[in-house]
Amino acid sequence: MTLDPKESTGNSLSAGLCIAVLSSFVNGSTFVLQKKGILQAQKRVVLGQVGNFLAYNMAPAALVTPLGALGVPFGSLLASYMLQENLNVLGKLGCVLSCAGAAVLIIHAPKSENVSSRMELEEKLGDPVFLGYLCVILLLLLLLILWVAPVHGPTNIMVYSTICSLLGSFTVPSSKGLGLAAQDVFTGDPSNQRALCLLGLLLVTLASSVLIQFTYINKALEHFDSSVFGAVYYVTFTTLVTLATAILFREWSDVGAVDCLGMLCGFVTVSVGIVLLQVFKEFTWSWNDVKKAPRKKD
């Protein structure tokens, strides 16, 4: 009995979607558990990376990357319960908007992938358009790291945020490519030596990018409020990663104009929700303040 390819793709997409949502919940809850002393930082990072790796290899990156925002409202709700942190009316509205935007993203995201094997991946990696994009990214990273960051990094939040987001152009495609390369490494195929080389290259790229990302995230948290940085980082990271995976994996080739518009609206909705939840969390507004009607002046 053979499995229908469409049914297999649907099962893989559903599994990837579930893992992406679960990974977001894990990432959001582990910050709270870390503050409570239940979970160490190293374990938090490992759990998040394993979940992201599985999700990126089972669903389109254009769907998985924006859903990472679900960890923010979930973590805020958990923190208000476990840590007794204040969640004002704007924060609650941000949670609703983030979940609503995520639902729109799920509905309109690409449902299939155009790269499903190592050979296709190697062909895409050698595409002149993608190579040109990587050259631009590398030049921007060198410019930002060597010249801009030492001078303007501590005073401009966009410098560190842009560096970490540009590195996402390497981390996410590497995570997705590792799964494709690993399929051929252990099959005994004559070309598995080439697959092993590709696997090693992707591992080195992923490890280097993640280490540099952590370095500049820590620098950003030393100089800026974590809530503001988290909101800015989400928007820039999602935008640049979606662009990189669209160029490499061509996930948008079968997406119509309506779905593209739906994805854009969903992304904007999630971004607004994250900003309300993170940037305005110190406001002391409550439902009672909202209900108060201004008195009419005589």
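Reader: Which elements does the protein have, and how many?

Author: Helices (H or I, at least four residues) and strands (E, at least two) are DSSP runs, numbered from the N terminus. The protein has twelve helices and zero strands.

Reader: What conventions apply to the numbering and the model?

Author: Residues count from 1 along each chain as its sequence is written. In this predicted model local features need pLDDT of at least 70 and side-chain atom pairs pLDDT 80 or more, while totals for chains, interfaces and linings use all residues, and side-chain values use heavy atoms, without hydrogens and water.

Reader: Where is confidence lowest, and where is it highest?

Author: pLDDT is the predictor's confidence in each residue, from 0 to 100. Where pLDDT is low, the predicted coordinates should not be read in detail. The mean for the protein is 76, and 75% of its residues reach 70 or more. Helix α12 (residues 287–291) is lowest, at a mean of 59, and α7 is highest, at 92. Over residues 1–5, pLDDT stays under 50.

Reader: Is Leu140 buried, partly exposed or exposed?

Author: Buried means under 20% relative accessible area, exposed over 50%, and partly exposed in between, with a 1.4 Å probe and protein chains only. Leu140, in helix α7 (residues 128–152), has a relative accessible area of 36%, so Leu140 is partly exposed. Across the protein, buried residues make up 42% of the 298 residues.

Reader: What share of the contacts joins residues 24 or more positions apart?

Author: A contact means heavy atoms within 4.5 Å. Among contacts in the protein with a separation of 6 or more, that share is 82%.
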